[in-house]
Amino acid sequence: MSISETTLAGLVRPDSVHKAVYTDPGIFELEMQRIYGRAWVYVGHESQVPRVGDYVTARIGDQEVVLVRAADGQVRVVYNRCPHKGAKIVPDGAGNAGKFFRCSYHAWTFKLDGSHLAAPLKMGLEGTSFCAGDPQFSMAPLARVESYRGFVFASQCASGPDLRSFLGGAISSLDNFCDRSPEGEVEVAGGTFRVLQRSNWKVFYENLHDTMHARVTHQSSVEAARAECEALGEKPFELLIMDGNGEPYEFWEKLELRAYHFGHGYMEGIFDPAAATRDPVSKAHFEVLAAAHGEQRAREILGMNRHNTVIYGSGSPHTVFQQFRVIRPLAVDRTMVEIQLFRLKGAPDAVFDRALTYTNLINSPSSNVMPDDVEVYARCQQGNATRGGDWVSMHRYHGTDRELPDGMVSSNGTSELPMRNQFAAWKQWMLDTGATAPLAPQEARRAAA
Ligand code: FES
Ligand SMILES: [Fe+2]
């Protein structure tokens with residue numbers, strides 16, 4: 001399907017969006033080229049490939065890629081394709097390739113950086129235009145790969161903003177994520193949960209800062225948690241976190257929403273230094289951090305009360321309960337969410353156990369909270385497939401957002417600023433057809449000066 005630029009431009013209004021952005025397969029295809037074909041996308045964490053030869057597969061939009069630890073100790077990202085007949089080199093998942101990749105079809109081999117190593121019966125290729133040094137006979141590397149504190153991102157586009165400029169203010173969430181470790185480092189641990197959503201990828205990004213849905217969509221789990229607390233006469237952590245969704249609207253209104261260029265943002269509660277020692281697990285955590293950095297810094301780190309962060313196109317790192325929900329679009333109405341759990345190096349085991357409990361109860365496929373969300377996302381997909389209307393509303397608190405030098409802020413946590421910001425970024429990506437990725441306004445100003 002061909003979609004004109006005028007049509008694309010008309011799909012996003014400042015306060016609403018046309019439902020075709022969620023339902024049109026032609027638009028999905030364009031997103032794979034214009035957004036996922038150029039943006040920085042999270043591939044995986046360096047700790048997933050600690051030894052030379054270790055690899056893990058991932059997707060960047062509709063492209064299958066491999067994150068690998070090469071012989072020089074550096075991480076590389078290559079397309080999962082053999083240049084002979086195009087066979088996928090490694091199956092989905094993780095493993096160790098040994099000293100080189102070997103294609104399972106005709107045994108062409110490739111160094112761990114993807115470059116051509118050998119093909120059997122070489123004499124058959126002599127006298128032809130085959131040339132081992134020609135990049136077309138290697139596994140192709142991604143145009144750009146950068147790592148930030150162990151989080152590896154890749155871009156299929158050779159030019160555009162560097163990773164730090166791309167992440168903008170959202171980078172502070174990755175910092176706080178790692179700073180919670182007394183060693184300043186995290187590692188993937190405890191496996192990965194996968195949740196298949198029967199909805200468009202953008203619906204989940206919108207939901208991550210949608211505070212208005214919590215007490216409605218999660219009513220059943222909130223009521224169950226409250227009934228259980230009453231029966232027990234106490235509020236254990238497991239029930240406390242389920243009960244949290246039932247907070248009144250006034251609670252959500254007090255949160256602050258930050259929105260950055262390229263669709264990123266986060267949702268933050270008031271900085272509360274007491275949060276650092278409120279319970280035995282936080283207290284033990286505080287003590288190791290204070291030993292490493294002093295009490296004041298430890299209080300700052302643990303007092304930063306940031307809930308979901310959005311890195312648009314990649315997913316959502318959760319700093320307080322160390323997880324990264326990686327969002328991989330599969331089709332216009334199918335999205336795979338992979339939930340990676342992290343251990344804070346040097347922190348007490350109880351901190352990891354608590355994060356695991358949180359992920360199990362709130363986000364895993366067996367959680368009784370996540371299915372509520374997955375159901376409403378599917379209903380959005382289904383409802384938008386009807387002829388009952390064309391536009392999706394993002395009106396809440398439109399016109400009240402404040403501009404900051406590096407983004408926007410709403411001091412009412414129920415504002416739909418994050419959705420408006422995501423679609424402003426979406427529109428910019430989709431209308432900009434250049435070979436390079438679009439620049440953030442501050443970079444564009446620098447380039448023009
Ligand atoms: S397809 Fe890989 S060696 Fe033939
Ligand atoms: Fe939810």
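The following dialogue goes through several features of a predicted model and how each is read.

Q: What conventions apply to this model, and which cut-offs on pLDDT are used?
A: Residues are numbered from 1 along each chain as its sequence is written, and chains are lettered from A and ligands numbered from 1 in the order in which they are written. The model is predicted, so local features need pLDDT of at least 70 and side-chain atom pairs count only at pLDDT 80 or more, while totals for chains, interfaces and linings use all residues; side-chain values use heavy atoms, with hydrogens and water left out.

Q: Is strand β4 largely enclosed or open?
A: Strands (E, at least two residues) and helices (H or I, at least four) are DSSP runs, numbered from the N terminus. A residue is buried under 20% relative accessible area, exposed over 50% and partly exposed in between, with a 1.4 Å probe and protein chains only. Strand β4 covers residues 54-60, and six of its seven residues are buried, so the rest of the structure largely encloses it.

Q: Which strands pair with β4, and in which sense?
A: Two strands pair if DSSP finds at least two bridges between them. β4 pairs with strand β7 (residues 94-96) in the antiparallel sense, over three bridges, and Ala94 in β7 is the bridge partner of Val56. β4 also pairs with strand β5 (residues 63-69), again antiparallel, over six bridges; here Thr57 stands opposite Val66.

Q: How many residues lie between the strands in the hairpins of β5?
A: Two residues lie between β4 and β5, and Gly61 in that turn has a positive phi of about 60 degrees. The hairpin of β5 and β6 has five residues between the strands, and there Gly73 takes a positive phi near 85 degrees. β5 and β6 pair in the antiparallel sense over five bridges, with Arg69 opposite Val75. Four of the five residues of β6 are buried.

Q: Which residues other than glycine have a positive phi?
A: Most residues other than glycine have a negative phi. Arg149 is not a glycine, yet its phi is positive, about 50 degrees. Arg149 lies in the loop between β11 (144-148) and β12 (151-155) and is partly exposed, at 32% relative accessible area. Tyr397 has a positive phi of about 60 degrees although it is not a glycine. Tyr397 belongs to the loop between β20 (391-393) and β21 (402-404) and is partly exposed, at 33%.

Q: How many aromatic pairs does the structure hold?
A: Rings of Phe, Tyr and Trp (its six-membered ring) pair if their centres lie within 6.5 Å; planes under 30 degrees apart count as stacked, over 60 as edge-to-face and the rest as tilted. The structure holds 24 such pairs. One of them is the stacked pair of Tyr42 and Phe324, at 4.3 Å centre to centre with 5 degrees between the planes. This pair links distant parts of the chain: Tyr42 is in strand β3 (residues 41-45) and Phe324 in strand β18 (residues 323-331), 282 residues apart. Tyr42 is buried, with a relative accessible area of 0%, and Phe324 also counts as buried at 0%. Tyr42 and Phe324 belong to one aromatic cluster with Phe151, Phe153, Phe177 and Phe342.

Q: Which arginines place a charged end over a ring?
A: A charge sits over a ring if NZ of Lys or CZ of Arg is within 6 Å of the ring centre and within 35 degrees of the ring normal. Arg306 does this over Tyr266, 3.5 Å from the ring centre, and Arg343 over Phe352, 4.3 Å from the ring centre.

Q: What span should helix α11 have, and which of its residues are buried?
A: The expected span of a helix is 1.5 Å times one less than its number of residues. Helix α11 (residues 280-293) has 14 residues and should span 20 Å, which agrees with the 20 Å between its end C-alpha atoms. Its buried residues are Ser282, His285, Phe286, Leu289 and Ala290. They cover an arc of only 135 degrees around the axis, which puts them on the same side of α11; the arc is that of the directions from the helix axis to the C-beta atoms. The face turned away from the buried side carries the exposed residues Pro280 and Ala291. With contact meaning heavy atoms within 4.5 Å, the buried residues pack against α5 (171-179), α12 (295-303), β19 (334-344) and α13 (349-363).
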